[in-house]
Amino acid sequence: MSSRKKARLAFLSALILLFGCGIAASITISRFIRAAKWAAHSYEVQVGLGDLQTALSNAARTRTVYQNSGDETTLAEYPAMKRRVHNDLTQLRELVRDNPSQASLALQLDDIVLRRLELSDAAIEMRRAGPLDDPTQLRLSRENVNAVADFMDVTQRMMDEEEKLLGHRRELFGSLFFWVLFILGAGFVFAVVLLWIHFRLLSSELVERERMEESARRLSVRVLQLQDEERRKFSRELHDSLGQLLAVAKMHMTVLLEKNPHDELLKEIDQLLTDSVTETRTISHLLHPPLLDEVGIASAARWYAEGFAKRSGIEIVADIPDDLQRMSRPAELVLFRVLQESLTNIHRHSRSSRAEISLQTNTKGAILRIRDFGKGIPREMLQNFMSTGTNVGVGLAGMRERVREQGGHFDLQSDRNGTTITVIMPTAPAESSPPLTAPLPAD
């Protein structure tokens with residue numbers, strides 16, 4: 001399985017794991033919320049029991065005050081207190097109706113509360129008839145104490161049941177909280193591990209791609225170097241073999257023409273030989289100009305620009321000083337090839353009738369600038385070339401690779417007013433060692 005497929009699989013696994021953890025966490029959180037609601041429900045039951053007990057105590061206290069004083073004004077709040085007791089009792093029955101044991105105790109509590117209220121009502125009615133005698137008061141007190149004891153017993157049993165439920169729900173609450181944290185933590189850790197694996201796989205693929213691109217770039221540079229070597233070799237062979245043969249043929253034809261000055265055929269052959277010698281020398285010098293090795297880039301650039309202007313009909317304005325510092329042979333060769341390729345592109349594609357060439361030196365190095373005034377390069381193609389180095393042409397990509405190989409900087413600017421190529425090449429002393437191939441004679 002390739003690194004890209006492994007990276008996709010790791011990333012997909014991380015997404016699936018996160019999705020699964022999200023579902024599990026959602027289910028656990030919903031149960032967590034439900035447990036929290038049940039815990040709140042237990043607290044509500046306990047509060048309801050406390051409210052009922054408080055309401056009964058208030059009613060009993062009012063009845064006792066009236067028994068002792070006989071003042072009817074003390075009974076003004078008594079009916080409201082009874083209604084409050086009934087309301088609290090009804091609310092309590094609603095809270096515990098989902099629990100059979102608590103509902104049964106609530107019914108017992110209902111009977112006890114009604115009995116306590118009946119005792120209070122009976123005591124109030126007897127007091128209205130007159131002061132209570134000791135036996136009657138003792139009997140009422142005994143019955144009321146029994147009712148209170150029964151009430152406290154049932155209330156305590158209900159409290160204990162709710163406390164038991166509350167403890168169970170607290171335990172469930174804590175367990176669910178732990179599992180929520182565990183699921184989220186484990187999911188996060190595994191997702192981070194998978195995403196880290198995904199990152200490593202992508203990084204390794206990126207490193208491999210960069211290595212392959214670097215290998216391709218070096219191969220391209222090597223191909224260009226071999227091309228230059230073959231051009232140099234072919235230029236030498238063309239000059240030394242065909243050029244010399246044509247030169248010998250031209251000398252023999254000159255001798256024949258001197259002996260037969262009126263022979264039109266010999267004159268025509270002599271002219272063809274002259275043109276052939278000139279064309280051979282031109283081709284040889286275009287493949288690799290001897291001036292480049294002998295006197296440097298300045299003379300070779302001026303010679304090529306002048307010849308290009310004659311061959312293409314394009315006006316060339318060249319700003320190339322005579323005292324330009326010599327550079328290393330590879331650097332001068334790169335600058336010459338950039339000039340050569342740039343002028344060829346101007347002639348083929350730009351539709352410009354004029355071009356400017358500037359070659360200067362400063363502290364940064366040698367700066368070669370070639371500008372035309374043609375139609376320019378489309379924006380999309382230019383952006384694609386600047387980002388990927390493709391879809392504009394092999395020549396431009398080759399120029400950029402040549403310049404980069406020598407540690408230089410290649411810049412391409414283009415709009416509807418024309419195109420400008422700028423190359424900054426670090427200057428270095430010219431090589432003192434003899435060239436690999438002897439310079440060509442200038443004839």
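R211 has a relative accessible area of 45%, so R211 is partly exposed. This value, like the others below, comes from a predicted model. The side chain of R211 forms a salt bridge with that of E208, with an N to O distance of 2.5 Å. Both E208 and R211 belong to helix α4 and are separated by 3 residues, about one turn of the helix. E208 is likewise partly exposed, its relative accessibility being 34%.

In the whole structure, 12 salt bridges are found. One of them joins D121 to K82, where the closest N and O atoms lie 3.0 Å apart.

Another salt bridge is made by the side chains of R115 and D150, at 2.7 Å from N to O. Here too the pair links distant parts of the chain, with R115 in helix α3 and D150 in helix α4 (residues 134-259), 35 residues apart. R115 is partly exposed at 35% relative accessibility, and D150 is partly exposed at 33%.

## Q137 and R127

Q137 is a residue of helix α4. Its relative accessibility is 34%, so Q137 counts as partly exposed. Between Q137 and R127 the C-alpha to C-alpha distance is 9.9 Å, and the two residues are 10 residues apart in sequence.

## Cavity

The structure contains 1 cavity of 30 Å³ or more. The largest cavity holds about 40 Å³ of space. Its lining consists of L56, A59, A60, R116, L117 and S120. Helices α1 (3-69) and α3 each contribute at least two residues to this lining.

By class, the residues lining the largest cavity are 4 nonpolar, 1 polar and 1 charged. Arg counts as charged, and R116 is among the lining residues. Leu and Ala count as nonpolar; the lining includes L56, A59, A60 and L117.

## Helix α7 and the residue after it

Helix α7 runs over residues 297-312 and has 16 residues. From its first C-alpha to its last, α7 reaches 21 Å, which is close to the 22 Å expected at 1.5 Å a residue.

Several positions in α7 are buried: I297, A298, A300, A301, Y304, A305, G307, F308 and S312. Just after the helix comes G313, which takes a positive phi of about 80°.

Key:
Residues numbered from 1 in each chain as written. Predicted model: local features only at pLDDT ≥ 70, side-chain atom pairs only at ≥ 80, totals over all residues. Heavy atoms only, no water. Salt bridge = Lys/Arg side-chain N within 4 Å of Asp/Glu carboxyl O. Helix = DSSP H or I, 4+ residues; strand = E, 2+ residues; numbered from the N terminus. Buried < 20%, exposed > 50% of the residue type's maximum accessible area, 1.4 Å probe, protein only. 1 Å grid on protein atoms, 1.4 Å probe; cavity = no way out; pocket = protein on both sides within 12 Å on 5 of 7 lines; lining within 4 Å. Points joined across faces, edges and corners; volume = space filled by probe spheres on them. Expected span 1.5 Å × (residues − 1).
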